[in-house]
Amino acid sequence: MHRRSWLRPFVSLFLTAIFFLPLYVAVVNVFKSSEEVVRAPLALPLRPTLDNVIGVLTRPDGLFWHGLGNSVLLTGSSIVITTVLAAMTAHYLVRSEALWGRILIMIMLTGLMIPPAVIMVPLTRVLRAIGLMSTLPGAILVNVGYYLPFAVLVFMGFVRSIPKELEEAAALDGASKFTTFWQIVFPLMRPASASVLIFLGVWIWNDFLTPLLILGPGTGNTITVGIYRSIGTYQRDFGSVFALMFLATLPVLTFYLLFQKHFIRGLTGGATKG
Amino acid sequence: MKRILSGLAVALSTMLMTSTAFADVTLKFLTFETPNLTAAYWDKVIAQTSAKVPGVTIEKLVSPTTDRDSYARQLDSTGQLPDIMIAVSPNGLAETGKLAEFTKEELSDWVNPTSNSFDGKIFQLATNTQTVPTIYYRKADFEKAGVTAPPKTWEELLAAADKLKAAGITPFNIGGGGADTWANLYSLKALVGSEVYAKDQQWLAKLTRGETTFKDPLFVKAVTKFKEVVDKGYVDPVLLSNDYPATQASFLGGKGAMYPMGSWFAVAPNAEQQAEYGVFPWPTDDGSLVVAAYTGGGLSVSSSAPDVALAKKWAIEFSKQNADGGARFDALFVSLKGYRPPADLPPLYGATLEIYSSAQQHGTVTTAFGEEGGTPALPSGFTKEVAAAVADLINGRVDVNGFVDYLDEKYTELTK
Amino acid sequence: MSQNVSNRRRILRAWHDAGNFAIFVVPGVTVFAAVVFAPILWTMWIGLTNERATRPQTLFVGLDNYLTLLGSSTFHAVLVNTVIITLIVVVGTNILGVSIALLLRLETRLYSALRSVFFVPVILSAVVVSVIWRSLLVDDGLLNTTLRSFGIQNPPGWLSDPSIALYSVSGIIVWQMLGFAVVVYLAGLAGIPKEIDEAAEIDGAVGWQRFRYITWPLLAPSFTINTVMLMISAFKVYDQIAVLTNGGPGTGATTTIAFKVVETAFVEQRAGYASAMAGLMLIIIAIASTLVLRALQRREVTY
């Protein structure tokens, strides 16, 4: 075995390098001038420039900043509301053990597999009927409803692992179900909450079809839709397209690098329980 | 947690408030951006127009791709049809009463007020004419291949293409990848113009009445000619993956000798490049001049705009404010009465306009296939299918028969 | 008297519970019902009508749309495309995922760094991934420029050749999902007790045999998770198509069901026909996921 000990790291490095190549291209070209992008797309930025980044940040139509603002508001509100509602729903359903509760769970689980494309036509009509079409609150509502089943599922798995006795003791002390939940149960579910927040955060930040159709153009759109818009017009100017994508991904990427362990555990853990 | 939630609620409600706080009427205006028509350009014209039409606040919407026809329909499907739109085909929207009608008085400044009429009713300002297409060519490539003069007849075109190919130059640059499939349509537009519409002006009316199909010998001949160009290897299928901006860039970057494109290309080469390119009309069998052109392309107004009269007023003023810019940045042949384009427009603009004017004098301007405004017209969504089928034709996935069969099938499906 | 008290208590408890139900369950379930459940039923209903933006009057047409769909060669092609993408993504990502996981499972700094690299595309949006790949794969993109510099005269049109584009798109999805599968397999590998590995070593099981008969069966739960997740995400793929090919090149070479549904509904504005398509999609998903879950769970049990 030992005589080939160089082989495994070599193969690993080689495969990873190939895998990484597209990302490398996307990142290095952010810091090159347009001519250099065309002339030597693979080279390191020998004379690094921030022109592309500055160009995106100072675009006269504010595409980046508007998009960023919308994305932050949409993602932030959606994941917080979904987490709160899902945690409560899951807790109640697991503890009640009633038949209708189980039926409700079954119905919600089917919701897990529904592609957004399937419900878009009536969904836009529902939103129009309640006057929330092409508004941020409308898009938040859609995200909450659409991702709720997944979050409930993650929380349900977790609630089962919390001993009932804790809540019963609190109830004997005269605490209401609501107080018990917030003071005792919810803090215990921190890992599940982290899972849900991370998973939904990534999904909603990256979402494309739903904001494209629901948010529409009126209130401005998310940063992800902004990328789609900018490629049509500036496709040839790879430097600025890559710069926009780089900046749009930076928030998620930073979170990932800071909380890598939680991320991987959150994303796969959430799925594993699903 | 509570604090976060209430913070959010406050943030959301302020956002909602600010959008309704204007005293002016807010009108949503849908534009699109291209390398020539930039965000800054639109903003400028919008500001100029709003200065002349007080009481309007314009909220600019930008189509995410250059295919604003699809986007306007997507918005309509979700109940968000913009109040004012530029260069969006009225077909399908007009018939169902979604657009506001322009009156004769409102159209008095236009040269061809009645083009794109829906049984006499006008829903889109016929602000400009575009030839779709003429062929732009690189003079150096023609020289290198020994093509001395731009071809006039079909035979000459094939001969020129043959010489170019022999010299190692791709004769035609045809692109249309990604969301821009429409960009591959221009050769066929020219051929349908000269082979179908020029020979039978009632052809489309017959088609809509069910008296003919795409298997009509006239139409088949047009497709066969295009197929001939493809079969002889004059088109590089790989260039098809370029979207529209990339196609223009690749032609300007030296790929392909001939570029069948709408007249807006005339202003794409910069001042130094202008002299490197020439333009000629799509050749016909006998060398006679036939030019397919589209007159329309202006603004339309939603019938459910918050203030339709004001929106129309704004749209009309915008057309005037946009005239010079339209000519300069989009090479539009502005069809406002008494309009004179700026004197310093690039040479290709003049050359293209001359071809159009000459065809006008001869009375040989035809409708552009796929851009027939008003009635009769092809069903909404059909042009997209044609463009997709053209890509198949170039890729060799279908032959002429398969092509016209597909068109017939889609036509039936979309008119059902 | 005592009966009265217990009655009152029962009513009180029921009232109390109703209050809790209203606080805990009603908000979430209402939003879910409004945004997902009602629209599903509504889609099914619209699918039975001939609704279309240009048609003034909408009529109930029963199963007409469904029959048209089942007989439409365009729709067959769309179905085949979707199935091909799903198969490639499920099979390809699983095979590559388990291989990479086995390769990178060692607990050293180097391998942990390499593992993080594989996970990066998972957190990127499909739009970003598609734009990056598009810039590499277009005609004069980086890949073909490189191939040409190696003397290959006519490199493939990765996105422009209708017989290749579908595979390019599938490959890009595999690239993006790979990190996810790797991590799930790594978690599975970490869960295999050391004793089993040691016992296998003593028994002289090496290489492929050891993988085939010992490691792989123990990875069954990871395989199930990956397969289900990959299936669900591949079957509804929309974003990549919108950015990379817009359903082309040509007539529907890479059009998937989700893409076709959106295009028919929102561009062609044929709500009835599009909703029938969506209905079929739902039925297919329901059947497929039931079958797959059953099959996979049976497999897990036998081992």
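In the predicted model, B:Y137 stands opposite B:G278 in strand β9 of chain B. Strand β7 (residues 134-138) of chain B is joined to β9(B) by 4 bridges. Both strands are part of an open sheet of 3 strands, ordered β8-β7-β9 (chain B), with antiparallel pairing. Its edges are β8 (258-261) and β9 (277-280) of chain B, each of which pairs on one side only. From one strand to the next, the twist averages 25°.

Chain B also holds an open sheet of 4 strands. The order is β2-β1-β3-β11 (chain B), and the pairing is mixed. Strands β2 and β11 (299-301) of chain B stand at the edges with a single partner strand each, so one side of each lacks a neighbour in the sheet. In this sheet, too, the twist from one strand to the next averages 25°.

B:K28 stands opposite B:E59 in β2(B). B:T31 has B:V62 of β2(B) as its bridge partner.

The domain assignment divides chain B in two. Domain 1 covers 15-130 + 295-350, and domain 2 covers 132-291 + 365-415. Taken over C-alpha atoms, the centres of domain 1 of chain B and domain 2 of chain B are separated by 27 Å. The contact between them involves 26 residues of domain 1 of chain B and 22 residues of domain 2 of chain B. On the domain 1 side, β4 (117-118), α11 (323-330) and α12 (347-362) of chain B each supply at least two residues. By class, that side has 9 nonpolar, 12 polar and 5 charged residues.

Confidence in chain B averages a pLDDT of 87, and 94% of the residues score at least 70. Two stretches fall below these values. Over residues 1-8 of chain B the pLDDT is below 50, and the stretch has 3 contacts in the model beyond near neighbours in sequence. Over residues 10-22 of chain B the pLDDT stays under 50; here the model has 5 contacts beyond four places in sequence.

Chain B also touches chain C. The contact brings together 29 residues of chain B and 22 residues of chain C. On the chain B side, α3 (68-77), α9 (244-252) and α13 (382-395) of chain B are the elements that give two or more residues. This side has 10 nonpolar, 14 polar and 5 charged residues.

Chain C is itself assigned two domains, domain 1 (2-46) and domain 2 (67-302). The centres of domain 1 of chain C and domain 2 of chain C, taken over C-alpha atoms, are 40 Å apart.

Chain A contains 14 helices and 0 strands. Its C-alpha atoms fill a box of roughly 75 × 65 × 35 Å along the principal axes. The pLDDT of chain A averages 84, with 92% of the residues scoring at least 70. By element, confidence is highest in helix α4 (residues 63-96) of chain A, at a mean of 92. Confidence is lowest in helix α14 (residues 260-273) of chain A, at a mean of 62.

Chain A is also in contact with chain C. The contact takes 63 residues from chain A and 66 residues from chain C. Helix α1 (residues 7-28) of chain A gives the largest share of the chain A side, 10 residues. By class, the chain A side has 50 nonpolar, 12 polar and 1 charged residues.

Technical notes. Residues are numbered from 1 along each chain as its sequence is written. Chains are lettered from A and ligands numbered from 1 in the order in which they are written. This is a predicted model: local features need pLDDT of at least 70, side-chain atom pairs count only at pLDDT 80 or more; totals for chains, interfaces and linings use all residues. pLDDT is the predictor's confidence in each residue, from 0 to 100. Two residues are in contact if their C-beta atoms, placed from the backbone, lie within 7 Å. Ala, Val, Leu, Ile, Met, Phe, Trp, Tyr, Cys and Pro count as nonpolar, Asp, Glu, Lys and Arg as charged, and the others, Gly among them, as polar. Domain bounds come from an automatic or database domain assignment. Two strands pair if DSSP finds at least two bridges between them. Axes are lines fitted to C-alpha atoms, for helices over the stretch in contact, and angles run from 0 to 180 degrees between N-to-C directions.
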